[in-house]
Every structure is written in C-alpha cells, then in structure tokens.
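Hi,

Here is the structure I promised to pass on.

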Amino acid sequence: TRAHLEAVEAARALNAYVVETPEKALDMARASDARRAKGEAGPLDGAPLGIKDLFCTEGVESTAASKILRGFKPTYESTVTSNLWRDGAVMLGKLNMDEFAMGSSNETSAWGPVANPWRAEGGNANLTPGGSSGGSAAAVAAELCLGATATDTGGSIRQPAAFTGTVGIKPTYGRCSRWGIVAFASSLDQAGPMARTVEDTAILLRSMCGHDPKDSTSLPVETPDFASFCGKSVKGLRVGIPKEYRVDGMPAEIEKLWEQGIAWLKEAGCEIVEVSLPHTKYALPAYYIIAPAEASSNLARYDGMRYGLRVDGANLTETYENTRAEGFGAEVKRRILIGTYVLSAGYYDAYYLKALKVRRRIADDFDQAWEKVDALLTPTAPSAAFALGQKSDDPVAMYLNDIFTVTVNLAGLPGMSVPAGLDAQGLPLGLQLIGRNLDEGTLFSLGSAIE
Ligand code: GLN
C-alpha cells in the first residue's frame, strides 16, 4: 500500500486520481494485516485498488468528475465497493473519468483530462487513455494501483483498456449491482474491473458481483469462480468473426491485429466461423438516442437542492437554472438536450421508440449468432490512443470511436478487451471478446489464450 501511495504521489502529472485517500488506505492495510495474522484473510486482502469516481464512497468526495457534485460526500457506500472492502481490498483513492461517464477520451472531466502513460515512439504529445474510465486505465497501466473499478455504458471499460494495454471486462448486465453508482443510462450501465492480467480481472470481478436486492435489475444468480476459467483449454470452442465489423476505412493495423487474434485462437484449437450481425450499422445511432434519453431523465435530480453545487437565483426556477448552467459541462448539456428532444411528444415515436426496436434487433442478431458460435472476436476500438485535443471539438468523430463496443451494452452481453500487441508507433491495441449472457467464463478462457 505504501509503495502504491508513493507511486500515486510521484505520478500526479497524469491526473489519474482526483481524490487520494492515503490515511484510509493505511488504516485498511493495517486492518488487513491484522486479519491475515489471525488467518482470516479474504480473497483480496491487502490489494490496493483505485475506484472510479462514479462509485459513491462513504465519507469520501464522489463527484462523477462533475462540478455539479463538487463537495458531495455520500453517507453510503456503493454495493460493488462494499463487496471489495468485505473481501479485504484497500482503497487508494478516486479515479478521474469523463463527466458522468459521458465521453471516450476523459476530456469531458471537470477536473481536466488524464494523460495516457504510453507515448508514441519518438512523439511527445500526450495521448488520451480513452474514456470514460480514463483514470482507471491510466492508473492500472502506470502501476498506481493493482486494479481498478470502472463502468461501461457503451465501451468505457473496454476502450480505455485497449488504449492502455490493460485488461477490462464488462460483465453481463445485472451481474454487478448498480446501487450507489451514479447513474448515466441505467439500462446500459454496468460495473467491471480493470487490471494488468486476465486473471486479476477474474479475481476482482468475483468479489464485485453478486445479487443485490437494492438494485431491481441485479440478477439473482450464483457468481462462478471466474479465475478457474483462466488458462483452461479453448480447444473446440467456436469463435465467430462478425463480417459487419469490417467497417470502411478501418486502419490496416487494426485489420492486421484482428487477423493475428484469429491466428492465435486457431493455434489454440478454436474453430473460426464467419457470422453476420446485420443490424450492427444501426447500433451507434440507437445508442446515441437511448443513452442520452436515459441520461436526461437520470440527471434531472441535480437541481441544486439535494447534492453538491448550488447557485442561488431570485427564485426556485432561477436557482435550478443557474445551478445546472454552471454545474454541467458542455458534453453533459448536449446529452441532456438530445435526450429531452428524443423523448418529447412528437419525437418519441420517431426516435426513442425506433431506437428501442433497433436495440431488440441487435440483441436478436447476437442470439442467432449463438446458435453457431460460443464467442465473438473483434477489435476493441477502430484506432490506437489518439492525441488529447484531436477529437474534442468533433462529437461525431468522438462517438464513432465507440463503433465496436456499444452493441454489447445494447444487448446486455459480457465483453472483454485483452491487450494484443503494439502498433507501428509502439502503442497498445486491444482485441474484444463477446460472450453469451452470463458466460464470462468462456471470455476468461479465450482472454488468457490471447494474453
Ligand atoms: N463513449 C460512450 C459515451 O460517451 C460510452 C461511455 C461509457 O461507456 N460510459 O456515451
């Protein structure tokens, strides 16, 4: 714990942590020592972790990287983090992220962007660690924690993992309780771990999961011993290659990476099968209707009365307006506007309802694929990490970065990103594995075959 706290302090220039909790960390580490001395160590005893700032942590400022939550110290602990502390993990602090998890580059954070610890060979530009879990990804890659919590609404665990050479898994929707996690788009949000090896993510995920009566979408299912799937033979598994993911303009390097992944899995005894997911091209438009719609509703609670920031006006309405005008950043406002628009009378059927129908079709595509294959392999993102500032003025270019990841959230499926080598500039690239509902085990086996 001490070594990690020192590393965190020495690497403040990355801006990965927004709150450091050294005293709490040392207290937790001492308590863990005491348990170990009594022979009562839990599965994570002494493991120093970073926590994405979307998770409410009791008594520790939790802002979701938004000015509107500045100073908000929850009186409760999220279920996922409680589960981690129950199993002995140690909290080092809270990790930077895009504001309310809206973004793909960690640049929408009210507390400034995070720098990717990786640099292009010969280059000195700061690169994005990806988003929205950019702080989690950078902290794991720079060894500022053993592992981190993250959340994934449309790719926010997997894309940052790919950009930083780390492993991230978004489990099946409902595996991890959403209770105490600041809501972005409730039907898509899911927590998961990031770490430096597939096995570490398996160990962390096991502790994070479990049925929670406080979240009505939490699944009442047993949590398997995910780590027992790591290193298991993948011989005979059928892995699908969805042809629609060969998008126009895909960089040759990403194509090459994919071919490499196919070759590795063939070598390991998998059967490679081409499959079709015909509605893939509608996934991004559907996602960027459904996610903002839910966000506009979830974010209505930030009114200056209940949490964090309050900017007084002459009357109640003005106080609402002032608080929200000052408290929310530009991307969050854009999402609220889009979301409110697609839910309003006259547009609801044309946009929101249509997007829900597309979502159903996308899930059906996957169901058909599962008749032929046990998992799918795709690139995680259409590029390696890009420079900070490169896409920040162009929301559509930014949204396009999510092209391979949003389908998984729309269908509720588990998805993992595994590091799969470096591009010509020496930057990490990731491969994505997608599994059947509740079949994270197969992803852990395939992930460790690629790793
Ligand atoms: N980049 C996507 C968005 O901005 C996904 C974010 C996420 O998964 N939290 O909505």
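**What I found**

Eight of the eight residues of E11 are buried, so this strand is largely enclosed by the rest of the structure. "Buried" here is a count: 20 or more other C-beta atoms within 10 Å of the residue's own, with 12 or fewer called exposed, anything in between partly exposed, and C-beta atoms placed from the backbone. Keep in mind that this is a predicted model, where local features need pLDDT of at least 70, side-chain atom pairs count only at pLDDT 80 or more, and totals for chains, interfaces and linings use all residues. Residues are numbered from 1 along each chain as its sequence is written.

Both faces of E11 are covered: Pro428, Gly430, Gln432 and Ile434 are buried on one side, and Leu429, Leu431, Leu433 and Gly435 on the other.

E11 belongs to an open, mixed sheet of 11 strands, ordered E1-E3-E2-E4-E6-E5-E10-E11-E9-E7-E8. The edges are E1 (17–20) and E8 (271–275), each pairing on one side only. Two strands count as paired if DSSP finds at least two bridges between them.

What does E11 pair with? E10 is joined to E11 by six antiparallel bridges, with Ser417 partnered by Gln432. The two form a hairpin with five residues between them, and Gly426 in the turn has a positive phi of about 80°. E9 also pairs with E11 in the antiparallel sense, over five bridges, and here Leu376 has Ile434 as its partner. Leu376 is also the bridge partner of Gly240; E7 (238–242) and E9 (375–379) run parallel, joined by two bridges.

**Helix H7**

H7 packs on the sheet, touching E7, E8, E9, E10 (415–422) and E11 (428–435), and its direction makes about 150° with that of E9. Contact means C-beta atoms, placed from the backbone, within 7 Å. Angles run from 0 to 180 degrees between N-to-C directions, with axes fitted to C-alpha atoms (for helices, over the stretch in contact).

The axes of H7 (252–267) and H14 (440–450) come within 9 Å and cross at roughly 105°. The residues making that contact are Gly261, Trp264 and Leu265 of H7, and Leu446, Ala449 and Ile450 of H14.

Over to you!

Terms used
Helix = DSSP H or I, 4+ residues; strand = E, 2+ residues; numbered from the N terminus. Contact = placed C-beta atoms within 7 Å.
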